[in-house]
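Please read this note with the structure open beside you. The points go from the whole chain to single residues.

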Amino acid sequence: DGPTNEALALGEHGTKMAHLVQKIKDIPQDERILVFVQFPDLMKQVADVLDVAGIKALKLSGGVHQQTGALDEFQKETLGKNDARVLLLLSRDESASGANLTSANHAIFVHPLLTTTQYEYEASETQAIGRIRRYGQTKLVQVWRFIVRDSVDAEIIKQRGQGGADAVVAM
């Protein structure tokens, strides 16, 4: 029979994207997920891969009305069978910095943040995680970082001193 269309499509985008899809599928269906990326072109790639994998995701992008609509949909009190439980955000975008996203309890960083200083790195990541780890959160918050072994990702994490961070999915 050969590989499925999903496997073929995910393979085109690399092992990291295949692992990302699997991690999202492994998270219980009643839990919501924030996926952080730093660059708009990578957000599009992640959105495309999730779409191919049959995972509905919302993007926090566009104008104020689009962003408000995405946030409202993501924050619905109860998830329906076809509702999106994944929200894609640009990790350094200030547009949702005040948003209380405690309906989510998983934060996934697709790659380490590229910053010029350690302070900027820590501030950006802390702010991103702080969107779900705040007053009103009732679930255990889990942070996942996707790091490819022996790559620029691993070198950035090493330089930033995060080898033992919450949860690192090394590939």
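1. Start with the aromatic residue phenylalanine 109. Its relative accessibility is 2%, and because the cut-off for buried is under 20%, phenylalanine 109 counts as buried. Bear in mind throughout that this is a predicted model.

2. The partner of this ring comes next. One aromatic pair is counted in the model. The ring centres of phenylalanine 36 and phenylalanine 109 are 5.1 Å apart and the planes meet at 20 degrees, so the pair is stacked. The limit that matters here is that planes under 30 degrees apart count as stacked. Phenylalanine 36 is also buried, because its relative accessibility is 1%.

3. Where do phenylalanine 36 and phenylalanine 109 lie? Phenylalanine 36 belongs to strand E1 (residues 32-37) and phenylalanine 109 to strand E4 (residues 104-109), so the pair ties together parts that are 73 residues apart in sequence.

4. Now the chain as a whole. The protein chain contains six helices and six strands. Read from the N terminus, their order is α-α-β-α-β-α-β-β-α-β-α-β. Among contacts in the protein chain with a separation of 6 or more, 76% join residues 24 or more positions apart.

5. On burial and surface: of the 171 residues in the protein chain, 45% are buried. The accessible surface of the protein chain is about 9,100 Å², and carbon and sulfur atoms account for 52% of that surface.

6. Which residues touch the most other members of the largest nonpolar core? They are Ile24, Val35 and Val46, in a core of 23 residues. Two or more residues of this core come from each of helix H2 (15-26), E1, helix H3 (40-52), strand E3 (86-90) and strand E5 (142-147). H3 gives the most to this core, namely six residues.

7. Valine 35 deserves a look of its own. Leaving out residues up to four places away in sequence, valine 35 touches Ile24, Val46, Val86, Leu87, Leu88, Leu89, Ile108 and Val110.

8. The charged end of lysine 23 sits over the ring of tryptophan 144, at 3.6 Å from the ring centre.

How values were computed. Residues numbered from 1 in each chain as written. Predicted model: local features only at pLDDT ≥ 70, side-chain atom pairs only at ≥ 80, totals over all residues. Heavy atoms only, no water. Phe/Tyr/Trp six-rings, centres within 6.5 Å; stacked < 30°, edge-to-face > 60°. Helix = DSSP H or I, 4+ residues; strand = E, 2+ residues; numbered from the N terminus. Buried < 20%, exposed > 50% of the residue type's maximum accessible area, 1.4 Å probe, protein only. Lys NZ or Arg CZ within 6 Å of the ring centre and 35° of its normal. Contact = heavy atoms within 4.5 Å. Areas by Shrake-Rupley, 256 points an atom, 1.4 Å probe, with all protein chains shown as cover. Core = buried A, V, L, I, M, F, W, Y, C linked by side-chain atoms within 4.5 Å.
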